[in-house]
Each structure stands twice: as structure tokens, then as C-alpha cells.
Amino acid sequence: TLVGLSTITHNAKFYGDIPLRIQEKLDVMNEKKSTAQQLEQAGAEFVFGSYYDAIPIGYASGMSLRTITYKYNRFPLTPAELERVSVTVAINTTPSDPWGEESLQAARSGCTPRSETVSDSVGVFQIFDCPPAAVDFRQ
């Protein structure tokens, strides 16, 4: 009885906040979906960056925006994409981690920036035209 009472007492706040946490999660997902839609409207085909910056936006787009992540790339470019002259990528210019910083540096040094940007609560994304080798790190 004492263990049960202690468990309920110590976790009451957590369980009481579940509706708030669900709403916060929905708000975050809606923000990422909005960002993904804006990036597609700005001409992006891919979202490039760190795993934590790129993957959530790709998922929020329903994978309409293909993701290319720096270092650990779950979704590498296809052979046909590797043969293209360029791919149009969106990259968060306010990255959330060191791999995001490295991917931004790679884009700035190997790609051509466009004037299109998307700025919202998720980040500030800029569109770049990149040769595939500039964003594909399998070699």
C-alpha cells in the first residue's frame, strides 16, 4: 500500500499534465509540417542537415521532401540523383547541433545559395543548389 501511494503521489503531476503534453506535441508537429510546406513552395526538393534538423522536417512533409543527413544518412541519394547536375536543398541556417554546423558549412562551401528562405519557429532555412557530391558523404 505504501509503495502504491508513493507511486501515485510522485507521479500525479506527470499524469495530470498528459493532455498538455499531447497538445504541445501536436503544436510542434504542426509547426514542422508548416515549415515543410513552405520549403516545398520555395522550391526545395530535399532537406539537408544534421539528423535532428533534417529528419523531422522530412517526416512532416510526408517524405515529399527527401532528407539528406550529414554523417549518418539513412536516406542516401539514389544513383539517378547522384548523376544530376544539382539538387535543390533546404538547410537550417540556425542548426541545433555540431553536425548541423558542419552540414551548413558544407553547403556554404560547395553549393550556390538562392535568395529563398523560410523563417519560422522551427528555424531559418535557406535554399541551395548543390552538386550531389556536396551533400552526399558516402565517398
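This is a short tour of the structure above, one selection at a time. Keep in mind that the model is predicted.

**Stop 1: a patch on the surface**

Start by selecting I18, I22 and L26. Together they make a nonpolar patch on the surface, with about 250 Å² of accessible area. Now keep only L26 highlighted. L26 belongs to helix α2, which covers residues 18-41. Is L26 buried, exposed or partly exposed? L26 has a relative accessible area of 45%, so it counts as partly exposed.

**Stop 2: helix α3 and what follows**

Next, select residues 51-60, which make up helix α3. Colour D53, A54, I55, I57, G58 and A60, the buried residues of α3. To see what lies over these buried residues, show their surroundings: the cover includes α2, β1 (46-49), β2 (66-69), β3 (87-92), α5 (98-110) and β5 (123-130).

Step just past the end of α3 to G62, where phi is positive, about 70°. Then click on M63, which sits in the loop between α3 and β2. M63 is not a glycine, yet its phi is also positive, about 65°. M63 is partly exposed, with 32% relative accessibility.

**Stop 3**

Select helix α5, residues 98-110. This helix has 13 residues and spans 18 Å from its first C-alpha to its last, close to the 18 Å expected at 1.5 Å a residue. Turn the view until you look down the axis of α5. Where do its buried residues fall? They lie within an arc of 160°, so they line one face of the helix.

Here is what to colour on each side:

- On the buried side of α5, pick G100, S103, L104, A106 and A107.
- On the face turned away from that side, pick the exposed residues P98, Q105, R108 and S109.

Finally, display what covers the buried residues of α5: the list includes β1, α3, β3, β5 and α6 (132-135). Helix α3 is part of this cover, and α5 is in turn part of the cover over the buried residues of α3.

**Stop 4**

Move to helix α4, residues 79-82, and select E81. Is E81 buried or exposed? With a relative accessible area of 12%, E81 is buried, because buried means under 20%. Show the residues around E81: leaving aside neighbours within four places in sequence, its contacts are F46, R66, P76, V87 and P132.

One of these contacts, R66, also forms a salt bridge with E81, at 2.6 Å from N to O. This pair ties together distant parts of the chain: R66 is in strand β2 and E81 is in helix α4, 15 residues apart. R66 is partly exposed, with a relative accessible area of 21%.

**Stop 5**

How many salt bridges does the model have? The count is 3.

Select R84 and E45, whose closest N and O atoms are 2.8 Å apart in a salt bridge. R84 is in the loop between α4 and β3, and E45 is in the loop between α2 and β1, 39 residues away. Both are partly exposed, R84 at 31% relative accessibility and E45 at 30%.

Then select R114 and D129, whose side chains meet in a salt bridge at 3.0 Å, N to O. R114 is in strand β4 (residues 112-120) and D129 is in strand β5, 15 residues apart. R114 is partly exposed at 27% relative accessibility, and D129 is partly exposed at 21%.

**Stop 6: V87, a buried meeting point**

End the tour in strand β3 by selecting V87. V87 counts as buried, at 0% relative accessibility. Which residues does V87 touch? Not counting residues up to four places away in sequence, it touches E45, F46, E81, F128, D129, C130, P132 and V135.

Key. Residues numbered from 1 in each chain as written. Predicted model: local features only at pLDDT ≥ 70, side-chain atom pairs only at ≥ 80, totals over all residues. Heavy atoms only, no water. Patch = residues over 30% accessible without salt bridge, like charges linked within 9 Å, V, L, I, M, F, W, Y side chains within 5 Å. Areas by Shrake-Rupley, 256 points an atom, 1.4 Å probe, with all protein chains shown as cover. Salt bridge = Lys/Arg side-chain N within 4 Å of Asp/Glu carboxyl O. Helix = DSSP H or I, 4+ residues; strand = E, 2+ residues; numbered from the N terminus. Buried < 20%, exposed > 50% of the residue type's maximum accessible area, 1.4 Å probe, protein only. Contact = heavy atoms within 4.5 Å. Expected span 1.5 Å × (residues − 1). Arc of directions from axis to C-beta.
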